[in-house]
Amino acid sequence: MDSVASNLTGLLTSSLDMFVSAKPTRGETGGRKLLSGQDFPTWVSLSDRRLLEASVSELRPHAVVAADGSGTHMGVGEALASLEKGTGGRSVIHLTAGTYKENLNIPTKQKNVMLVGDGKGKTVIVGSKSNKGGYNTYQTATVAAMGDGFIARDITFVNSAGPNAEQAVALRVGSDRSVVYRCSIDAYQDTLYTLSKRQFYRETDIAGTVDFIFGNSAVVFQSCNIASRKGSSDQNYVTAQGRSDPNQNTGIAIHNCRITGSTGTYLGRPWKEYSRTVVMQSFLDGSIHPSGWSPWSSSFALKTLYYGEFGNSGPGSSISGRVSWPGYHPALTLTEAQGFTVSGFIGGTSWLPSTGVVFDSGLL
């Protein structure tokens, strides 16, 4: 069964990715459109856009979670369960300020869930499952969002297992057209599991040590703070992208972000054979190792991966000492870089506008 499911998933992913990459969105030239400011990728509806821009008092949530009993529910899991039958549209849950020690799963059938907190560090969801604690990586997630259309705003997601617990995921996302906005995602190894499908992260803080952004989605990080932290090793790896087929239109695009942290930090290493990651117009501090990128094991994937940089700044941005692998592109062309923007990579101008999240659809 595992083999059949794996093969079917690969075929469906490749077919969908080729369809998405070949289909230009309305108004685009050559499949790309450069926008900026308050524009949003169009897979976000006007109503969702208003929700992301709205104050908590304007949201009119379907459920309010408050640990002191002042809301409709005292736990986030209880609130999610109350929405299982669906509301016919967007389901909004307001998590008031407080720390919620829960492991949450938003299943595939539960679509268009929006979790809204009272701010980073104010609304906190904490779990502590880890590989060392007996769970596989997939199972360790504090919050798992698998239903399409997932949105999170103003929440901190934490896996508190610690630096010696091995893999311990704070947030796992397998939701198509998902948005994480003004959040914080905090753990050590494998902090954020961008499992699959189209994802967008804006003004979000992500902290970890080893492979702390990993998976095989088509994901864009924009205006985010990405920080490696001191762990059990002297070497940190920001990304471990897992593209296993060259036809998959998946990868990690880091655009207009800040990458900072402890010394000996690599931008990424190839988890799978066709690993793809680009870093564009971002600030890289002195913690970035001069070689920039690290092998996974010997010469594995060095000819088939696709790693690239474009227009970065800061003391760690120099490409003079970078790796010389066949698959590394030290200076993407303008056209190549545009292919990894919100518009060019995740077709964001067709779905993000409805969420209300601020985004830049093209290069700055």
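**View 1. The sulfur of C224 lies 4.6 Å from the closest cysteine sulfur, that of C257, which is too far for a bond.** The model is predicted: local features need pLDDT of at least 70 and side-chain atom pairs count only at pLDDT 80 or more, while totals for chains, interfaces and linings use all residues. Residues are numbered from 1 along each chain as its sequence is written, and side-chain values use heavy atoms, with hydrogens and water left out. A disulfide is taken as a pair of cysteine sulfur atoms within 2.5 Å. A search of the whole structure finds zero disulfides. C183 is accordingly in none, and the nearest cysteine sulfur to it, that of C224, is 9.9 Å away. C183 counts as buried because its relative accessibility is 0%. C224, at 1% relative accessibility, counts as buried too. Buried means under 20% relative accessible area, exposed over 50%, and partly exposed in between, with a 1.4 Å probe and protein chains only.

**View 2. Strand β15 (residues 205–208) pairs with β12 and with β18.** Strands (E, at least two residues) and helices (H or I, at least four) are DSSP runs numbered from the N terminus, and two strands pair if DSSP finds at least two bridges between them. Strand β12 (residues 184–186) runs parallel to β15 over three bridges. The bridge partner of D186 in β15 is A207. The pairing of β15 with β18 (residues 225–228) is also parallel, over four bridges. Here I206 stands opposite I226 of β18.

**View 3. Helix α2 (residues 46–53) has the buried residues D48, L51 and L52.** These residues lie on the same side of α2, because they cover an arc of only 95° around the axis. The arc is that of the directions from the helix axis to the C-beta atoms. The buried residues of α2 pack against α3 (56–59) and against the strands β2 (91–95), β5 (113–116), β8 (151–153) and β11 (178–181). Contact means heavy atoms within 4.5 Å.

**View 4. D211 is listed by UniProt, in an unreviewed entry, for "active site".** UniProt positions are given in the numbering used here, feature names are shortened, and annotations may be inferred rather than shown by experiment. D211 sits in the loop between β15 and β16 (213–215). With a relative accessible area of 5%, D211 is buried. Leaving aside neighbours within four places in sequence, D211 is in contact with D190, Y237, V238, T239, A240, R269 and W296.
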